[in-house]
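Hello,

Here is the structure I promised to hand over. Please have a look at it first, and then read on for what was found.

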Amino acid sequence: MSTASTRPLPGSLGELASRNVAPPPSSSEPCKIEAKHLDFYYGQKRALEDISVQIRPHLVTAFIGPSGCGKSTFLRTINRMNDIIPGTRVDGQVLIDNANIYGPGVDVVQLRRRVGMVFQKSNPFPKSIFENVSYGLRINGMVSSKSELAGQVEESLRQAALWDEVKDRLHESALALSGGQQQRLCIARALAVRPDILLMDEPASALDPIATQRIEELAYDLKKKYTVVIVTHNMQQAARVSDYTAFFWLGRLVEYDRTDKIFTNPTEKLTEDYVTGRFG
Amino acid sequence: MRRSLDVAFQALSLLVLLLALAALAALIVDVVSDGAGRLSWDFINGYPSRRASQAGIFPALAGSIFVILLTALLALPIGVAAAIYLEEYGRRNFVSRAIEINITNLAAVPSIIYGLLGLGVFVRLMGMGRSVIAGAATLALLALPVVILSTREALRAVPGSIREGSYALGATKWQTIWHQVLPVATPGILTGLILSLSRAIGETAPLITMGALTYVSFAPDSIWSSFTVLPIQIFNWVSRPQRDFHANAAAGILLLMALLLTMNGLAIWLRDRYQKRLAG
């Protein structure tokens with residue numbers, strides 16, 4: 001994985017900063033998630049710089065960019081997952097449905113129920129398949145009876161396109177599933193608590209091509225019910241599944257636009273160089 | 001040259017190992033030859049007597065088991081709770097570091113000091129008298145540092161991805177610890193508990209100090225009963241001038257070893273059982 005310092009790069013940060021970066025495609029469109037001048041720090045190190053972006057509901061938005069560009073960090077600010085890392089700090093705002101999730105009195109636990117997350121490395125709990133999906137429902141007190149619980153678990157597994165493969169072994173360990181099945185289980189688990197947003201942090205990076213395809217199809221289908229944000233290393237993946245694409249570079253948002261425009265006719269030279277594979 | 005040094009060191013290591021094993025084997029053979037003849041149902045089930053051939057060990061055996069079970073009941077919740085606080089909740093500051101250093105040092109304090117503490121606090125100040133509960137409380141103090149240290153170790157070994165997965169579903173910190181972290185850490189916690197209890201069951205000094213060195217000819221029937229334990233009974237018999245009592249002591253040692261082996265076997269069984277459950 002090459003970093004910015006190991007290869008000569010087209011464009012420079014100074015040149016970038018002087019421009020008005022990434023205008024939202026059209027401010028009049030509805031907006032589910034909005035970042036306003038967001039800075040993020042790991043200790044003294046600034047990992048995100050002045051990120052402003054508006055993410056549309058019921059569409060798939062992809063974050064692309066080279067390793068260490070801040071795309072995962074930004075994703076994790078949307079459900080405040082970075083809060084559990086000591087020494088991190090946020091400046092600016094992230095609004096979900098026009099409410100600042102970094103405002104005073106925000107219940108982080110409640111926020112994370114509304115904003116589901118799927119991680120790069122599938123992380124099923126070392127419990128049964130059923131318990132993995134029912135856990136979120138139980139801790140959030142979302143079901144009142146056993147039959148209701150079973151129904152919700154089935155529905156979640158169906159949404160994640162996993163039900164047919166596991167319906168006869170719901171009480172076996174989730175760790176016995178294949179990598180792709182584990183990742184879909186993690187998606188089912190996240191969907192079970194009925195979020196409105198689903199964040200996916202490189203969900204297919206550890207999977208084989210067929211499992212990857214299933215995750216991609218799933219991401220595409222899920223936008224009917226959810227707002228999906230997906231971080232990916234894989235440019236073809238971004239082009240295939242997303243409606244909007246945001247390109248990050250060195251902690252900045254370089255360009256944000258409709259996916260077809262980003263990949264066929266980007267405004268920034270830097271974006272063009274990245275999507276055509278000249279660096280990254 | 002380097003090669004021959006390697007061989008020499010290997011030989012030296014083997015020699016030292018064999019020496020240690022030989023010493024252990026000699027001890028065991030000696031004890032078995034002295035004590036095996038005295039081991040019988042009457043001996044295990046009998047009460048102390050002036051005549052060596054009629055003396056039994058039942059009160060001490062029952063006392064040991066009773067005390068150690070009570071010790072476990074006291075040390076496990078307190079030790080695990082303390083470890084959870086230190087590892088999961090406590091902030092890293094001067095106070096927490098001072099507590100950590102103290103706990104590590106407490107694990108190395110001579111056990112007779114705990115006996116003095118038990119005598120002062122439990123027997124006298126809290127008025128428990130020379131009872132089973134006072135003995136168990138003293139031994140629990142002795143076991144606590146090891147329980148806390150091994151629990152912290154076990155908590156730290158739980159993968160961060162499991163915690164993140166739980167938080168991402170809208171779980172609170174306590175829900176995450178109780179439902180996800182503790183089950184994964186259980187094998188490590190149990191191993192630490194049983195190892196520390198194995199040390200406690202062989203302890204003589206603290207119980208002598210707090211006054212368990214009395215002639216007790218009945219098994220304890222409540223936590224307020226006075227009691228004796230195997231090591232003290234063995235100590236009593238060894239200090240008698242008659243040779244026949246020495247055979248009783250050897251038989252008592254065999255029983256104590258059997259109890260220890262059973263506990264360690266239990267630890268291994270529990271650990272394997274949990275690990276198997278986790279691995280599916």
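A word on terms to begin with: helices (H or I, at least four residues) and strands (E, at least two) are DSSP runs, numbered from the N terminus. On that basis, chain B reads α-α-α-α-α-α-α-α-α-α-α from its N terminus on, with 11 helices and 0 strands. This is a predicted model, in which local features need pLDDT of at least 70 and side-chain atom pairs count only at pLDDT 80 or more, while totals for chains, interfaces and linings use all residues. Residues are numbered from 1 along each chain as its sequence is written, and chains are lettered from A and ligands numbered from 1 in the order in which they are written.

Staying with chain B, its C-alpha atoms fill a box of roughly 70 × 65 × 40 Å along the principal axes. Of its 280 residues, 39% are buried (20 or more other C-beta atoms within 10 Å of the residue's own; 12 or fewer is exposed, in between is partly exposed; C-beta atoms are placed from the backbone).

How do the chains meet? In all, 25 residues of chain A are in contact with 17 residues of chain B (contact: C-beta atoms, placed from the backbone, within 7 Å). The largest share of chain A's side, 4 residues, comes from helix 3 of chain A. That side divides into 13 nonpolar, 7 polar and 5 charged residues (Ala, Val, Leu, Ile, Met, Phe, Trp, Tyr, Cys and Pro are nonpolar, Asp, Glu, Lys and Arg charged, and the others, Gly among them, polar).

Inside chain A, strand 3 (residues 60–64) is worth a look: 5 of its 5 residues are buried. V60(A), A62(A) and I64(A) point one way, and T61(A) and F63(A) the other. Strand 3 of chain A pairs in the parallel sense with strand 8 (residues 227–231) of chain A over 4 bridges, where pairing takes at least two DSSP bridges. In that pairing, V60(A) stands opposite V228(A). Another 4 bridges join strand 3 of chain A to strand 9 (residues 244–249) of chain A, also parallel, and there A62(A) stands opposite T245(A).

Happy browsing, and do write back with any questions!

Best wishes

How values were computed:
Two residues are in contact if their C-beta atoms, placed from the backbone, lie within 7 Å.
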